[in-house]
Amino acid sequence: MRGKVWLIILVLLLLTSAAFAQEPAAAPPGFASWDAVVAQANGQTVNWYLYGGSDAINGFIDTFYAPLLAEEYGITLNRVPVADTVDAVNQVLSEAEAGVAADAGAVDLIWINGENFYTLRQADLLYGPWAQTIPNSALVDWDNPAINLDFGRPVEGYESPWSSAQFHFIYDSARIAEDDLPRSFAELTAWIEANPGRFTYIAPGPGGYMGTRFVKQIFFELSGGHDQWLGEFNPALYDEWAPQVWDLLNTWAPNLWRQGETYPANENELRDLFANGEVDFAFTQEISGASVYINDGRLPETTRAFAFDANMIGDFNYVAIPANAAHKAAALVLANLILRPDLQAAHVLPENGFGLGFGIDVSRVTDDADRQVLADAAANLGPGAADPAELAAALVSDLAAEYQTRVEADWEANVLRR
């Protein structure tokens with residue numbers, strides 16, 4: 001029953017379902033047809049630059065995508081791990097400054113969103129518009145603002161979704177009863193005071209995007225709601241509430257892990273602290289919550305996931321193709337492949353290690369076998385997944401990219417180096 005509820009809510013809330021499939025637009029720029037794309041891609045190597053800090057995601061890509069690309073399309077997948085997406089962005093920017101010839105760039109595809117997408121879009125260094133021309137774009141709900149806007153910026157066909165995610169928390173039900181969980185930042189503040197040394201959060205900054213997201217959610221609660229933060233960057237609104245956010249975080253510091261003198265740099269470090277029993281909460285954005293880590297033995301079987309009552313940011317992950325990509329055809333084929341229903345179902349299942357949500361609107365899938373595979377996946381998220389109704393009720397979108405950079409810089413100046 002729980003899996004069925006999750007599927008219904010994901011369709012209705014995250015993906016704003018539509019009951020019909022749409023035909024993709026004309027062929028991608030520079031190609032006469034999709035068949036021409038596939039023909040040119042045969043024999044190419046696609047260099048996919050993406051964050052390499054998740055062994056689970058790396059393994060999923062190598063296990064599921066690479067063999068299919070080779071067997072079905074004659075494409076070699078070269079997964080290029082980076083410490084932060086900005087490294088891939090800087091590679092593209094550096095090539096542009098150096099005058100690297102068109103169609104000679106090192107980067108063919110980037111896992112990207114937010115300020116990194118905006119940076120390349122502003123610099124006119126992305127190929128497109130292509131995202132609504134690939135065949136499986138018919139499975140994407142492009143009318144949904146959560147998809148056609150990325151951190152408040154129009155996608156306009158220059159990136160295509162891959163998966164979905166939503167911020168929430170992990171805890172151990174053997175340590176903390178469900179009734180004792182904090183359900184807001186106000187309640188978390190009281191919990192931290194009552195349990196000194198048992199909480200910390202990821203440092204906002206490059207590689208610590210979940211820490212930045214955590215802090216942005218505090219802005220929403222303190223200011224009385226999320227909706228006023230939508231749209232273009234509002235410096236007056238930010239300046240009004242930022243001092244109160246830094247004050248709150250500084251009041252936490254004496255009762256944080258290591259008295260707030262140091263913070264974990266990323267999700268993996270925080271999860272290790274949780275697994276070692278040093279803190280009582282970790283962060284996740286995986287729809288399967290803690291299930292992936294229970295399955296592989298990194299977290300105990302009593303680990304569960306939960307959300308606050310409101311202001312939990314959710315969004316989509318995208319892929320984009322640089323304007324000077326050497327192997328655009330292979331990149332397009334890969335972008336289309338990752339939207340295939342059976343692979344979307346596979347990346348939802350905890351046992352496959354990926355753990356993120358669907359990037360497609362499952363109601364647009366018309367093939368009966370594909371529909372069944374998707375339904376089965378949604379029904380098997382494991383005991384470590386959060387209550388789907390809880391996640392849906394708390395869901396809010398992310399903000400304009402400028403907030404990201406301001407939060408990261410100002411947190412360092414006003415909290416870390418106070």
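Asn311 sits in the loop between strand S9 and strand S10 (312-320) of this predicted model. Helices (H or I, at least four residues) and strands (E, at least two) are DSSP runs, numbered from the N terminus. Asn311 is buried, at a relative accessible area of 12%. Buried means under 20% relative accessible area, exposed over 50%, and partly exposed in between (1.4 Å probe, protein chains only). Beyond its neighbours within four places in sequence, Asn311 is in contact with Gln217, Phe220, Glu221, His226, Ala394 and Val396. Contact means heavy atoms within 4.5 Å.

The model is predicted, and local features need pLDDT of at least 70, side-chain atom pairs count only at pLDDT 80 or more, and totals for chains, interfaces and linings use all residues. Residues are numbered from 1 along each chain as its sequence is written, and side-chain values use heavy atoms, with hydrogens and water left out.

Arg364 is buried, with a relative accessible area of 2%. Its side chain joins that of Asp141 in a polar contact of 3.3 Å. A polar contact is a pair of N or O atoms within 3.5 Å; within protein, one must be able to donate a hydrogen and the other to accept it, and residues adjacent in sequence count only if both atoms are side-chain atoms.

Strand S9 (residues 303-306) belongs to a sheet. S9 pairs with strand S7 in the antiparallel sense over 4 bridges. Two strands pair if DSSP finds at least two bridges between them. Asp172 has Thr303 in S9 as its bridge partner. On S8 (residues 282-284), 3 bridges join the strand to S7, again antiparallel. Here His168 stands opposite Thr284. S7 (residues 168-172) is mostly covered, with 5 of its 5 residues buried.

Helix H9 (residues 235-252) has 18 residues. It reaches 26 Å from its first C-alpha to its last, close to the 26 Å expected at 1.5 Å a residue. The expected span is 1.5 Å times one less than the number of residues. At the start of H9, a side-chain oxygen of Asn234 comes to within 3.2 Å of the backbone nitrogen of Ala236. A kink of about 35° lies at Trp241, shortly before Pro243. The bend at a residue is the angle between axes fitted to the seven residues ending there and the seven starting there. Buried residues of H9 include Trp241, Trp246 and Trp252. The buried residues pack against helix H7 (185-194), helix H8 (209-223) and helix H16 (401-416).

Helix H12 (residues 328-337) is largely enclosed by the rest of the structure, because 10 of its 10 residues are buried. Among them are Lys328 and Asn336.
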